[in-house]
Amino acid sequence: SGVFAGISGFKDAKQQSLNCVELENQRIYDSAEKLKQKGDFREASKVFAGLGTFKDAKERVVECDTAESERIYQSGKSQMDSKNFVAAQNIFRKLGNYKDSTFLADECHNLELERIYQLGLTANSAGQFTSAKDTFSSLGDYKDAKEQVTNCTCSEICKRARAYGEKGAYLDALDELSSYTDHPMIRSNRELWLGKLRGFKTGDIIEAIFFGCFEGLLASLIGVPIVSLIAGAINVIYYLFNDFVWLIPTSAWTYIVIIPIVILCLFFIFESYPHKVMVHKCRHCGHISRKTKYECPSCSAYPNPTDAIDITELLK
């Protein structure tokens, strides 16, 4: 075409130049058609676009672009069927308004959120609360994800509390449950370990009466003589200054002995276990027992150092 154009005034050189352009365009057109047949729609579209108004090149560009969009669309559907929802969503987003791509992109987004949500539920059911919490945290406002984060946090706390409680460290278990006090899970677990602590109160009343009376009788060995001396002194003074009449008759002296004993016994009963539940906490493992033991039944520490703790307020 260039050579003929150079001698356009000689014979039919000008026409020959135009014929060559036509033939070249046809060659390019045929190559684009082959690319289209092979499925390389994007490259075919570029080639057809370079042909301008040659034949139906513009219509072919539209056909190739549509075919390429359909190919991408089907690949998105394939990814969606394979549950690769993120990849599918990205594909549909690129397609813009082609067919129902916008709808499918949103659907893939929701399906991916649901997939992650189910992973969180599975992890939670398996006791993997930290992993479940992280999974639900990534979901933002999807469904009840925020509530599930709280549930996982509470499950994690209850799991740690259970580890303490199962070895008898009930106070440590209750310490773990000190947060989220209004959550039903925390409340039920707190009641569980409080119930274990309340179990230590079995027989407290009988024990209190026994030790209260015992300590009251011991105190009476000192208290009764003191009361008797005071009463006797008062009685003598009254006798001397009131015409030799006794203030305390002989029959009342029995009560002078009995009443202090009863009062002392009641006092020590009141001050004993029903009102102050003392437990001993192992400093090594936190195991709770009513009495100091030389060897901890939980961690076998020997000798067993313990802290005496009044848990009365905790049990109310």
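User: Where is the place of Trp246?

Analyst: In this predicted model, Trp246 sits in the loop that runs between helix 11 and helix 12 (253–270).

User: Why does Trp246 count as partly exposed?

Analyst: The relative accessibility of Trp246 is 47%, and partly exposed covers what lies between buried, under 20%, and exposed, over 50%; Trp246 therefore counts as partly exposed. Setting aside neighbours within four places in sequence, Trp246 is in contact with Asn235, Val236, Tyr238 and Tyr239.

User: What makes Ile222 exposed?

Analyst: Ile222, a residue of helix 11 (residues 204–241), has a relative accessible area of 59%, and because exposed means over 50%, the label applies. Ile222 also belongs to a nonpolar patch on the surface, whose members, among them Phe214, Tyr238 and Leu247, have about 960 Å² of accessible area together.

User: How do you know that Thr153 is buried?

Analyst: With a relative accessible area of 15%, Thr153 falls under the 20% cut-off and is therefore called buried. Thr153 lies in helix 8 (residues 145–165) and touches Lys133 and Tyr180, when residues up to four places away in sequence are not counted.

User: Which residues have the most contacts inside the largest nonpolar core?

Analyst: That core has 16 residues, and those with the most contacts inside it are Leu171, Leu177, Ile186, Trp193, Leu197 and Ile288. Two or more of its residues come from each of helix 8, helix 9 (170–176) and helix 10 (184–198).

Note on methods: Residues numbered from 1 in each chain as written. Predicted model: local features only at pLDDT ≥ 70, side-chain atom pairs only at ≥ 80, totals over all residues. Heavy atoms only, no water. Helix = DSSP H or I, 4+ residues; strand = E, 2+ residues; numbered from the N terminus. Buried < 20%, exposed > 50% of the residue type's maximum accessible area, 1.4 Å probe, protein only. Contact = heavy atoms within 4.5 Å. Patch = residues over 30% accessible without salt bridge, like charges linked within 9 Å, V, L, I, M, F, W, Y side chains within 5 Å. Areas by Shrake-Rupley, 256 points an atom, 1.4 Å probe, with all protein chains shown as cover. Salt bridge = Lys/Arg side-chain N within 4 Å of Asp/Glu carboxyl O. Core = buried A, V, L, I, M, F, W, Y, C linked by side-chain atoms within 4.5 Å.
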